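Please read the following report alongside the sequence and the model.

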Amino acid sequence: MSRFALEGVHILDFAWVGVGPITTKYFADNGAEVIRVESAARLDVLRIGPPWKDATPGINRSQFFASFNSSKKGITLDLSKPKARDLAKRLVPWADIIVESFTPKAMRNWGLDYENLRELRPDLIMLSTCMQGQTGPNALYPGFGQLMAALSGFYYISGYGPGSCAPPYGAYTDFIAPRFSAFALLAALDYRRRTGKGQYIDMSQYEAAMQNLAPALIDYHATGRVLGPQANASARYAPHGAYRCADEDGNERWIAIAVASDEQWRAMLNALAANSADPRFATSSARIENAAAIDEFVESLTRAHNAHELTVKLQAGGVAAYPVENCVDIHQDDNLEAFGFWHWLEHKEMGPSPYEGLEHRMSRTPGTLRSAAPILGQDNDEVFRGMLSLRADEIEQLKKENVIF
Amino acid sequence: MPSELLKGFRLLDLTDEKGALCGKMFADLGAEVIKVEPPAGCSTRRIAPYLEDKADPEHCLYSIAYHAGKKSVTAKLATDEGRALVAELAAKSDFLVESYPLGYLDSIGLGYDVLAKKNPRLIYASITPFGDTGPGKDYNWADIITWAAGGMMYLMGEEHKPPLQMSLPQAGLHAGGEAAVAMMLAHYPRQIDGLGQRIVVNMQACIVWTLMNEQAMPFLHGNHLSRTGIFVGSTDARRKMVYECRDGHISTLIAGGTTVGNSTKALIEWMGESGFGSDWMRTKDWVSWVPGVFMKMTEQDYKEIDDLETTIQRFLLTMTKHEIYAQGLKRRIFLAPVANVADVAADEQLKARDFWTAVPHDTIGRTLTFPGPFAKMSATPIGATTRAPRIGEHTDEIYRSLLGLTPERLNKLRAAGSI
């Protein structure tokens, strides 16, 4: 038995930024050999995205890039040059899967589209993922995940009420699409094993994101109802929200609480050493109807408590609660710690750096972060000399011509 | 027709809202997905909101969306006979996904170790709010709790106001997607050596992963973001990300550099055509202007950003989000409307790609429109899904055809309340 789930699987990864690299990371962390082809013509913008080692920018200093590219090899080719494209094509027969995430015309213009590449490997599986898909009037839409989160509807349902907009942090949809694209690729691998057939997968990040909004979209099409921002309101829980706790070191602290039943309501009051004879809070449905009043009441109680201590008390009584954690807290979180979530990996230029680990654990063939992200061109020698059998002087010449850079 | 991709594989779905999407994804790719639920229906059958506000399982929008393509059988896990039926189904399944409180299925003889003895091929995934070993492994759960524990809630909202979740809970969807990927990862070695395994999905970790570049800030920059409302800024270059327009909001970002700098230039040119903006905006070299990355923000930069953001705001207020989006597309400006479901439903791109899918629902006498496939696959296209099953709709069919139960036996089980 191989040690990792995907040992022996080969991926040639032309992707950049978020969705493509996050998709291939699933494979790399599970033992597949993933070679990232970084192009001088389209250098991954995350290489200069913050945060940087010692807060000092540099193309090999970004944890933004590093987090999405653990366990991978990296080579550099200037794909705008014919010689570079020829070298890339020589790697295609080796690849079970090719992934790319440019706007649609880029790979076509380079002659590196599926129709061309499958001639080099007939059972090739290729994934193209871009903002809005390979076809349609807006296929060339330039954008990134923040804009996609607005365009697909997530910004609109985030806010304190009508007219308010308080979007999720970052490129939210970049963290939805990869779960679908990795799933599709893994299923395509199995299909190829059974049938010998490869295929082309066109993933629109817009369409993948819609899967996480399906109930609201179905509702709108059927009834015209438009889901809007409702702060933390819930039709099922009350209280339901984030409640201010005692400050710590001059910083605001909050706790999230969700109460679903009378029993939990009593347990919550008990944990807060409080009573309520208010008829508005007497039953579940009354509490949901009077959510605004209950929020005020609950916050008047939580305000004096430490968020972590209160969580333990509430959960001991069966009440769903947790501190609202910030980015310092998540690194000190006992549950993530027990799961072995965080990894400190030795990066060639950054030294020991904090990486997110896997979101799941397998019992028999567990994946792990096998190495830190590659610095630019880290594996040029191994790939060009080892795999393509180029001589040292040939590589030197290609470097002089900036084919390899 | 679902895809042919996973045809012939069977998944047993014992999840609630912590994982319903997982089975939906398998069904989309052609696997037979059997949802096992209590005779009265699983909790996901009663999640508001309901279609037309009719509070019954057939109108539950969550069920309609995320049980589509599945079959449903009932089994009362509190009875020996109900448990035995599920164990027999598991013996004939390739995948099992569950999200019961940690250890519950073990305690009734449906844990991985027991089921794998009969069926070593089984891939068994447990979706847990906080993993299976930490102090919170038995914690009670709601979607907002994971949103808070995963760090996203802290970043959503305005300073000194409460942190927010989205108005359509998301954590369970991330966990379901993660379970689907993890099970297919485990499937690959199984096709080589015939052995399955146990998977534990950690929901808190699933949300931490959505924090993009923010997690490492405390270590590398010695700071971390608080809620920034409509602003974005991991460095000292804080920018407005959301602007008002005539009928809502627009998201755009002014920045320099080779990619976004040209977009900023195009936006300024467009404003100029309508008499907005000043000369300095039009003459500035936006492509080489990258404050916060390779240069420090100066007093002048702050003043300029403020001036430009104010101008953009005045300009965008003169138009609707559709007008602005159309121009953005034409002029290749990085912008997007803050779209609601109505905007999305009217979007030309999705229509041109035949995205929307009609799914007849004889259960409620109408055809509903669903979001289409999550990907277009050339050899094994994902076609229209089928409506969510009624509670126990396939009980007889599955127990008879798969387990060989006789009608008499089924009647007995039904009378005893086991199914």
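## Interface between the chains

In this predicted model, 127 residues of chain A are in contact with 124 residues of chain B, where contact requires C-beta atoms, placed from the backbone, to lie within 7 Å. Helix H7 (residues 177–195) of chain A gives the most to the side of chain A that touches chain B, contributing 13 residues; helices here are DSSP runs of H or I with at least four residues, strands are runs of E with at least two, and both are numbered from the N terminus. That side of chain A consists of 78 nonpolar, 34 polar and 15 charged residues, with Ala, Val, Leu, Ile, Met, Phe, Trp, Tyr, Cys and Pro counted as nonpolar, Asp, Glu, Lys and Arg as charged, and the others, Gly among them, as polar.

The chains also meet through strands: strand S12 (residues 360–362) of chain A pairs with strand S6 (residues 197–202) of chain B in the antiparallel sense over 3 bridges, pairing being assigned if DSSP finds at least two bridges. Within this pair, A:His360 has B:Val201 as its bridge partner.

## A sheet of 7 strands

An open sheet with mixed pairing runs in the order S3(A)-S2(A)-S1(A)-S4(A)-S5(A)-S6(A)-S14(B). Strand S3 (73–77) of chain A and strand S14 (376–377) of chain B each have a single partner strand, so they stand at the edges with one side lacking a neighbour in the sheet. Strands S5 (residues 125–130) and S6 (residues 199–204) of chain A run parallel and are joined by 6 bridges, with A:Ile125 opposite A:Gln199.

## Nonpolar core

The largest nonpolar core has 264 residues, of which A:Ile255, A:Ala256, A:Ile257, B:Ile145 and B:Met183 touch the most other members. Such a core is a set of buried Ala, Val, Leu, Ile, Met, Phe, Trp, Tyr and Cys residues joined through C-beta atoms within 7 Å, and a residue is buried if 20 or more other C-beta atoms lie within 10 Å of its own. Leaving aside residues up to four places away in sequence, B:Ile145 touches A:Ala256, A:Ala258, A:Ala320, A:Ala321 and A:Tyr322.

## Chain A as a whole

Chain A has 16 helices and 12 strands, and buried residues make up 59% of its 405 residues.

## Conventions

Residues are numbered from 1 along each chain as its sequence is written, while chains are lettered from A and ligands numbered from 1 in the order in which they are written. Because the model is predicted, local features need pLDDT of at least 70 and side-chain atom pairs count only at pLDDT 80 or more, whereas totals for chains, interfaces and linings use all residues.

Notes: A residue is buried if 20 or more other C-beta atoms lie within 10 Å of its own, exposed if 12 or fewer, and partly exposed in between; C-beta atoms are placed from the backbone. Two residues are in contact if their C-beta atoms, placed from the backbone, lie within 7 Å.
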